Amino acid sequence: IEALGSPSHLIREKAMNELLGRRGKNVTYVTEKLKVHAATAKEPLGAANALWTLARKGREDVSWSYGDTNHSDWRVRRLRLNLVRSHFEKPYWNSFGVVGQLNKTFEKEKDAAVLCELSILNDGIFRNNGGRPDALVAALTSGAAADLHLRYEAAWHLAKRADEKAITKL
């Protein structure tokens, strides 16, 4: 598991393949170790690769792709939310409980990129109820607009779902 943070991409890939190949009783053990590593790894690269390994291992179960805790690096937190966002498109996945838990977890989040990702996740989950573009507008006004990539992604999502009130506020 420590090899997931290696500077060498070949070592990281070999470690991921080795962990993905585990069967039997080792699956639960490896899954728990990966979740812990994703939350506590000193190097963000190792934490991100632990999340990617979990996502590759079990795409049908959302608990495999993010674990229960956060990492100190904003890029890992954003990746975690992005992986969760890939699950809400599945028609059989009940996401309201998980999103409620994530909203509590990220309640005090300060990073604009993570807030932007969380608001896009919330907007996608509640899309059948008209969406909730206000959180995305708030993320943009709190600093996400300074980043060109975040501004582009937010504009794309706002163009799809925002109403006149949200666009005027922006």
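This is a predicted model: local features need pLDDT of at least 70, side-chain atom pairs count only at pLDDT 80 or more; totals for chains, interfaces and linings use all residues.
In which helix is the place of L51? L51 sits in helix α3.

**Overall make-up**

The protein has nine helices and zero strands. Read from the N terminus, the elements run α-α-α-α-α-α-α-α-α. Of the 170 residues in the protein, 46% are buried. Contacts between residues at least 6 apart in sequence were also sorted by separation: 63% of them join residues at least 24 apart.

**Helix α3 and its cover**

Helix α3 spans residues 44-57. α3 counts 14 residues and reaches 20 Å from its first C-alpha to its last. That is close to the 20 Å expected at 1.5 Å a residue. Its buried residues are G46, A47, A48, N49, A50, L51, T53, L54 and A55. The cover over these buried residues includes α1 (9-20), α2 and α4 (74-87).

L51 has a relative accessible area of 2%. Buried means under 20%, so L51 counts as buried. L51 and K35 lie 16 residues apart in sequence, yet their C-alpha atoms are 7.5 Å apart in space.

| Pair | Axes come within | Crossing angle | Handedness |
|---|---|---|---|
| α2 and α3 | 8 Å | roughly 145° | left-handed |
| α1 and α3 | 10 Å | roughly 40° | right-handed |

Take α2 and α3, whose axes come within 8 Å. From α2 (residues 26-40), the contact uses V27, T31, L34, K35, H37 and A38. From α3, the contact uses G46, A47, A50, L51, T53, L54 and K57. By class, this contact has seven nonpolar, four polar and two charged residues.

Now take α1 and α3, whose crossing is right-handed. α1 brings R12, E13, M16, N17, L19 and L20 to the contact. α3 brings L45, N49, W52, T53, R56 and K57. Here the classes are five nonpolar, three polar and four charged.

Where does H71 lie? H71 is found in the loop between α3 and α4. Is H71 buried or exposed? Its relative accessible area is 5%. The cut-off for buried is under 20%, so H71 is buried.

H71 and H37 are 34 residues apart in sequence. In space they are 9.2 Å apart, C-alpha to C-alpha. Neighbours within four places in sequence aside, H71 is in contact with A38, A39, T40, A41, E43, P44, A47, V76 and R77.

**Helix α8**

Helix α8 covers residues 148-161 and has 14 residues. α8 reaches 20 Å from its first C-alpha to its last, close to the 20 Å expected at 1.5 Å a residue. Which residues of α8 are buried? They are L150, E153, A154, H157 and L158. Seen down the axis of α8, these buried residues fall within an arc of 135°, so they line one face of the helix. The face turned away from the buried side carries exposed residues: L148, H149, Y152 and A159.

Key
Residues are numbered from 1 along each chain as its sequence is written. Side-chain values use heavy atoms; hydrogens and water are left out. Axes are lines fitted to C-alpha atoms, for helices over the stretch in contact, and angles run from 0 to 180 degrees between N-to-C directions. Helices (H or I, at least four residues) and strands (E, at least two) are DSSP runs, numbered from the N terminus. A crossing is left-handed if the near helix is turned anticlockwise from the far one by less than a right angle, and right-handed if clockwise. Contact means heavy atoms within 4.5 Å. Ala, Val, Leu, Ile, Met, Phe, Trp, Tyr, Cys and Pro count as nonpolar, Asp, Glu, Lys and Arg as charged, and the others, Gly among them, as polar. The expected span of a helix is 1.5 Å times one less than its number of residues. Buried means under 20% relative accessible area, exposed over 50%, partly exposed in between (1.4 Å probe, protein chains only). The arc is that of the directions from the helix axis to the C-beta atoms.
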